[in-house]
Amino acid sequence: MQISAKADYAVRALAELAADAGRPLTCEAIATSQGIPFRFLKGVFRDLRQAGLVRSQRGCEGGYWLARDPAGITLADIVLAVDGAFLTLRGERLDDLGYHGPAAGLPGVWRGMEDHVRQVLTSTALSDLVRERLAA
């Protein structure tokens, strides 16, 4: 199983915004803080903005803010915003899988794994990550 770079970067960027919610943060500042390639992060923020997870302001006082309270944003929201699905197999959604013969039961295993991933991601809010960091 592989977590996409896009999903990882998106969660890390939003954790930065959640940890410092009092002011907007620039894409450059977040990229530097998290060691994320700046150009790639700009594309991630485009997806996050389209999904309604962040809002932006242009200008010298500009940057990004969370569009909602961090307690109301789950990791599932973030992953779906940038990847469109929790798990895929060779780029296909698991719903579309169908194997024959001895491997006929395998799609059910993959879907069960997806259900567990979904459960973890939907039960973990952005605020949970920030709270754990502050407690450490």
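**Labels and the values behind them**

Modeller: Let's start with Gly72, which lies in the loop between S2 and H4. This is a predicted model, in which local features need pLDDT of at least 70 and side-chain atom pairs count only at pLDDT 80 or more, while totals for chains, interfaces and linings use all residues. Residues are numbered from 1 along each chain as its sequence is written, and side-chain values use heavy atoms, with hydrogens and water left out.

Colleague: What makes Gly72 partly exposed?

Modeller: Buried means under 20% relative accessible area, exposed over 50%, and partly exposed in between, with a 1.4 Å probe and protein chains only. Gly72 has a relative accessible area of 40%, so it is partly exposed.

Colleague: How do you know which parts of the chain are helices and strands?

Modeller: They are DSSP runs, numbered from the N terminus: helices are H or I with at least four residues, and strands are E with at least two. The protein chain has six helices and four strands, in the order α-α-α-β-β-α-β-β-α-α.

Colleague: What makes Tyr9 and Phe40 an edge-to-face pair?

Modeller: Rings of Phe, Tyr and Trp (its six-membered ring) pair if their centres lie within 6.5 Å; planes under 30 degrees apart count as stacked, over 60 as edge-to-face and the rest as tilted. The structure holds two aromatic pairs. Tyr9 and Phe40 are 5.3 Å apart centre to centre, with 90° between the planes, which gives an edge-to-face pair. Tyr9 lies in helix H1 (residues 5–19) and Phe40 in helix H3 (residues 38–50), so this pair ties together parts 31 residues apart in sequence.

Colleague: Why is the pair of Phe45 and Tyr64 called stacked?

Modeller: Their centres lie 4.1 Å apart and the angle between the planes is 20°, which makes the pair stacked. Phe45 lies in helix H3 and Tyr64 in strand S2 (residues 63–66), so the pair ties together parts 19 residues apart in sequence. Phe45 counts as buried because its relative accessibility is 0%, and Tyr64 counts as buried at 14%.

Colleague: What makes a set of residues a nonpolar core?

Modeller: A nonpolar core is a set of buried Ala, Val, Leu, Ile, Met, Phe, Trp, Tyr and Cys residues joined through side-chain atoms within 4.5 Å. The largest one here has 36 residues, and those with the most contacts inside it include Leu14, Leu41 and Phe45. Elements giving two or more residues to this core include H1, H3, S2 and helix H5 (106–122). H1 gives the most, with nine residues.

Colleague: Which residues does Leu41 contact?

Modeller: Setting aside neighbours within four places in sequence, Leu41 is in contact with Tyr9, Ala13, Cys27, Ile30, Ala31 and Ile36.

Colleague: Glu114 is found in helix H5. Why does Glu114 count as buried?

Modeller: Glu114 has 9% relative accessibility, so it counts as buried. Apart from neighbours within four places in sequence, Glu114 is in contact with Phe86, Leu87 and Leu94.

Colleague: And what about Thr26: buried or partly exposed?

Modeller: Thr26 is found in the loop between H1 and H2. At 32% relative accessibility, Thr26 counts as partly exposed. Not counting residues up to four places away in sequence, Thr26 touches Gly62 and Gly63.

Colleague: What percentage of the protein chain is buried?

Modeller: Buried residues make up 38% of the 136 residues in the protein chain. The C-alpha atoms of the chain fill a box of roughly 60 × 30 × 25 Å, taken along the principal axes.

How values were computed. Contact means heavy atoms within 4.5 Å.
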